[in-house]
Amino acid sequence: MRNEFVLVPASEARAVHVASGGRFRVVDIEGGQVVDLFAFAAGDVGEYASAEHTRVAVNRLFPRVGEAFVTNRRRPILWLEKDDSPGVHDMLCAACDPVRYRLLGVDGWHPSCQENLQRVMAGLGHDRIEVPQPINLFMAVRVEPDGSFIWSSAPTKAGDGVVLRAALDCVVVASACPQDRNEINHYRPTSIGIQLL
Ligand SMILES: [Zn+2]
């Protein structure tokens, strides 16, 4: 699996198994694309990377190099080892889902990170999973002093990425967010990649 490159086509998701201590790089191939990243403990998918537990563990709203993402059982699952992107990531927003698109005025089906995750995990035999609040790599959400959010477009350039190291044997799912109804992906969802190091 070493050095394997997994292409995640625009608006789709892919899973990789990463052994404890294994490293991988998530790359924004064309730039300007948000990645919804999920990680589940391989031995028990009831344990997963949890943004809300991570915010408590690191006393921050957003990830920083050298810190861990922790699970809903408060154990480190991924370390953010290196960041050669602008360093803008989100840990506040739920994954997009069919209702979100309906509320944004979409008529009919629209791909979403939630369905992407569920489809990929079902393909691995996990038909019923919690949908965790993801780690939204490259997603630009700023919190104002009054608590309001400002959304902007992902500031990444082509080839920007982050390197993560697994603290547990885990299943990592990366979804190339299909959001095209607001600015986060510049209204143009594109592909991402997972490089196993
Ligand atoms: Zn999404």
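1. Basis of the note. The model is predicted, so that local features need pLDDT of at least 70 and side-chain atom pairs count only at pLDDT 80 or more, while totals for chains, interfaces and linings use all residues. Residues are numbered from 1 along each chain as its sequence is written, and side-chain values use heavy atoms, with hydrogens and water left out.

2. The sheet. Four strands, in the order β2-β11-β4-β7, form an open sheet with antiparallel pairing. Strands are DSSP runs of E with at least two residues, helices are runs of H or I with at least four, and both are numbered from the N terminus; two strands pair if DSSP finds at least two bridges between them. The edges are held by β2 (13–18) and β7 (135–137), each with a single partner strand, so one side of each has no neighbour in the sheet. From one strand to the next the twist averages 25°.

3. Strands β2 and β11, and the helix across them. The antiparallel strands β2 and β11 are joined by six bridges, and Val 18 stands opposite Cys 170 in β11. Helix α3 lies across β2, β4 (35–41) and β11, at about 140° to β11. Axes are lines fitted to C-alpha atoms, for helices over the stretch in contact, and angles run from 0 to 180 degrees between N-to-C directions.

4. Beyond four places in sequence, Val 172 touches residues including Phe 24, Leu 37 and Leu 78; contact means heavy atoms within 4.5 Å.

5. The protein donors (N, O and S atoms within 2.8 Å of the metal, or 3.2 Å for Na, K and Ca; water is not among the atoms, so sites may look incomplete) are the SG atoms of Cys 96, Cys 113 and Cys 177, 2.2 to 2.3 Å from the zinc ion. Cys 96 is in the loop between β6 (76–83) and α2 (98–103), and Cys 113 is in helix α3 (residues 113–123), 17 residues apart.

6. Burial around the site. Buried means under 20% relative accessible area, exposed over 50%, and partly exposed in between (1.4 Å probe, protein chains only). Cys 96 is buried at 6%, and Cys 113 at 0%. Ser 112, in the loop between α2 and α3, is likewise buried, at 0%. Among its contacts beyond four places in sequence, Ser 112 has Cys 96 and Pro 178.
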